[in-house]
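Subject: Model handover

Hello,

Here is the model we spoke about. Please open it alongside these notes.

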Amino acid sequence: MKSSRIFIGGINSLKLLSKHINKINKKPFIIKIKQSLFSKYLLATNLLVSMAFSGAGDCTEQIFEIASSYQDEWNSYRTLKLTLTGLPVGLISHYWYIFLDKHYYHHTHKTILTKVLLSQIIFSPACIVVFFITLGLINQSSKSEIKDNIMTKGKRIYLAEWVVWPPASLVNFY
């Protein structure tokens with residue numbers, strides 16, 4: 001009988017322990033990760049995501065260039081440089097979206113449209129300028145080369161962004 005009590009006590013202890021563990025771990029693991037990445041470490045997350053997208057964009061472009069015989073082999077140094085441009089762009093993006101969320105916090109159609117238009121008209125040109133300045137600094141380009149890139153390539157990129165980013169921003173802000 002004594003061993004039976006120990007066994008029952010053991011089960012009760014396990015149930016009690018399990019109950020406390022469940023209180024600690026009420027949220028699923030994925031939700032905990034999401035909360036850490038998108039609240040506690042939001043700036044670091046945004047910087048890493050921006051750099052990852054910048055690097056992925058160059059990888060996609062190089063695959064296309066190699067496939068079309070415009071480029072002979074992979075240029076990993078180019079990918080590194082373009083990945084690094086994501087750092088300052090991610091930094092200003094982080095604070096831009098905080099600004100938008102602070103001043104345009106309602107989720108109405110008008111607010112979402114306002115955020116999209118502000119992002120396209122004000123922020124997109126700023127991002128393009130930051131991108132070309134960063135790339136110019138990395139490549140040790142002259143001020144006139146950086147300015148020329150902004151005025152020629154930057155204009156084309158800005159026009160192309162009107163096709164890509166407003167729909168993406170609608171999804172993001174909604």
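In which helix does lysine 147 lie? Lysine 147 lies in helix α6 (helices are DSSP runs of H or I, at least four residues, numbered from the N terminus). Lysine 147 is exposed, at 57% relative accessible area (exposed is over 50%, buried under 20%, partly exposed in between; 1.4 Å probe, protein chains only). Its C-alpha atom is 8.3 Å from that of phenylalanine 132, 15 residues apart along the chain.

A note on the source. This is a predicted model: local features need pLDDT of at least 70, side-chain atom pairs count only at pLDDT 80 or more, and totals for chains, interfaces and linings use all residues. Residues are numbered from 1 along each chain as its sequence is written, and side-chain values use heavy atoms, without hydrogens and water.

Now the rings. The structure holds 6 aromatic pairs (Phe, Tyr or Trp rings, the six-membered one for Trp, with centres within 6.5 Å; stacked under 30 degrees between planes, edge-to-face over 60, the rest tilted). Tyrosine 97 and phenylalanine 173 form a tilted pair, 5.9 Å centre to centre with 55° between the planes. Tyrosine 97 sits in helix α4 (residues 76-103) and phenylalanine 173 in helix α6 (residues 143-173), so the pair ties together parts 76 residues apart in sequence. Phenylalanine 173 is buried at 5%. Tyrosine 97 is partly exposed at 28%. Ring pairs link Trp96, Tyr97, Phe99, Phe123 and Phe173 into a cluster.

Leucine 113 is in helix α5. Leucine 113 is partly exposed, at 47% relative accessibility.

Best wishes

Technical notes. Helices (H or I, at least four residues) and strands (E, at least two) are DSSP runs, numbered from the N terminus.
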